[in-house]
Amino acid sequence: MLKDILPPFTLGLSPMDDVTTKEYRQICRRFGADVLYTEFVASDALVRDVEKSYDKASFAPMERPIGIQIFGNEQGPLVDAAQRMESFQPDFIDINWGCPMKKVAGKGGGSGILADIPKMISITSAIVKAVKTPVTVKTRLGYDEKSKPIVEIAERLQDVGIQMIAIHGRTKQQMYRGDADWTLIGKVKENPRMTIPVFGNGDINSVEKLLEYKNRYGVDGILVGRHAVGNPFFFRECKQALNGEQVTLPTMQEKVGVCKEHLLAMCENIGESRAIPIMKKFYARYFLAVPGFKPYKLKLMETKTSEQVLSILKDVGDNL
Ligand SMILES: Cc1cc2nc3c(=O)[nH]c(=O)nc-3n(C[C@H](O)[C@H](O)[C@H](O)COP(=O)(O)O)c2cc1C
């Protein structure tokens, strides 16, 4: 059972496209993320043998426990993709029933499935039956303000055999607007029929909030997304707080060092030309709220080679 390999309270890195690549996941693991997910991988692309999608699904042994997340809108390719992913031997296969982006949800995949719950349940059931690997689901509260049946959905998904559910406290319609509503996540957890781990997700952006939501909603785990972008240190801070220890914040040298390590690992694995644009999403996050960083950020945005980035990062370390 998946439950047996997860810590009693699981602090996880939420899957994020173009962010939670293996290089970044490994850094977050080192800082204390208990569970990792790959970026979402398109079932259609896996079925068509698209090499880049197979790369996205690959991971290193130190990343365990890890789930490969797949998305799609039709049972055939999703089942096929899940079966193909078994050869990677992930600890779980996660179905993305939560993405609100038009190119996914507009076609009925991701959170688009929340408009057709029977289909969501039957595809999930077919995937569970088709693989030996534990299957999990990441989803949202419901389709829109008028329909938030997550308590019922979670029960039905558990009944067809999923082994963990992660819930982002927003609806499909909300995208990322408004605040995540954790009260319904708490209701799912309170439901006496639920026996699988229930993870909450959405808007965790401080150690205090993590502790407060863990205690208030009683969830078995929390996934951190945006606040962990360029901030792997957050996992260490949370772990320290959870253990009742003094929280240590990263020094500037540590930030520079980890950012550099991230860049070099990306360049090594996917090549400089692909790594440089992806890394541009991270710089402002690694050095968030650092006084005087802005001119360096502007320079980093213009970089084309890792040598240029390394030289600017050195200046950041020396001067800020
Ligand atoms: C850039 C970005 C990419 C994302 N990609 C995925 C994804 O591939 N799969 C997924 O389930 N959720 C994805 N999400 C959603 C996050 O995992 C998470 O559910 C959401 O951001 C709410 O959590 P947070 O408030 O901690 O960020 C993505 C979010 C962002 C911001």
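Me: At what angle do helix α14 and α15 pack, and how far apart are their axes?
Reply: Helix α14 (residues 294–301) and α15 pack at an angle of about 170°, with their axes 10 Å apart, where axes are lines fitted to C-alpha atoms, for helices over the stretch in contact, and angles run from 0 to 180 degrees between N-to-C directions. That makes α14 roughly antiparallel to α15, the word for angles over 145 degrees. This is a predicted model, in which local features need pLDDT of at least 70 and side-chain atom pairs count only at pLDDT 80 or more, while totals for chains, interfaces and linings use all residues. Residues are numbered from 1 along each chain as its sequence is written, and side-chain values use heavy atoms, with hydrogens and water left out.

Me: Which residues make that contact?
Reply: From α14 they are Tyr 296, Lys 299 and Leu 300, and from α15 Val 309, Ile 312, Asp 315, Val 316 and Asn 319, contact meaning heavy atoms within 4.5 Å.

Me: And where does α11 come in, relative to α15?
Reply: The axes of helix α11 (residues 252–270) and α15 come within 10 Å and cross at roughly 175°, so α11 is roughly antiparallel to α15. On the α11 side the meeting residues include Leu 263 and Cys 267, and on the α15 side they include Ser 306 and Val 309. Helices here are DSSP runs (H or I, at least four residues), numbered from the N terminus.

Me: Is Ser 306 buried or exposed?
Reply: Ser 306 counts as buried because its relative accessibility is 14%, and buried means under 20% relative accessible area (1.4 Å probe, protein chains only). Ser 306 belongs to α15, which covers residues 306–319.

Me: What does Ser 306 touch?
Reply: Leaving aside residues up to four places away in sequence, Ser 306 touches Leu 263, Cys 267, Glu 272 and Ile 276. The C-alpha atoms of Ser 306 and Ala 275 are separated by 8.8 Å, although these residues are 31 apart along the chain.

Me: Switching to rings, how many aromatic pairs are there?
Reply: The structure holds eleven aromatic pairs, counted when the ring centres of Phe, Tyr or Trp (its six-membered ring) lie within 6.5 Å.

Me: Which cluster do ring pairs form?
Reply: Ring pairs link Tyr 24, Phe 282, Tyr 286, Phe 287 and Phe 293 into a cluster. Phe 282 counts as buried at 1% relative accessibility, and Tyr 286 counts as buried at 1%.

Notes: Helix = DSSP H or I, 4+ residues; strand = E, 2+ residues; numbered from the N terminus. Buried < 20%, exposed > 50% of the residue type's maximum accessible area, 1.4 Å probe, protein only. Parallel < 35°, antiparallel > 145°, perpendicular 65-115°, else oblique. Phe/Tyr/Trp six-rings, centres within 6.5 Å; stacked < 30°, edge-to-face > 60°.
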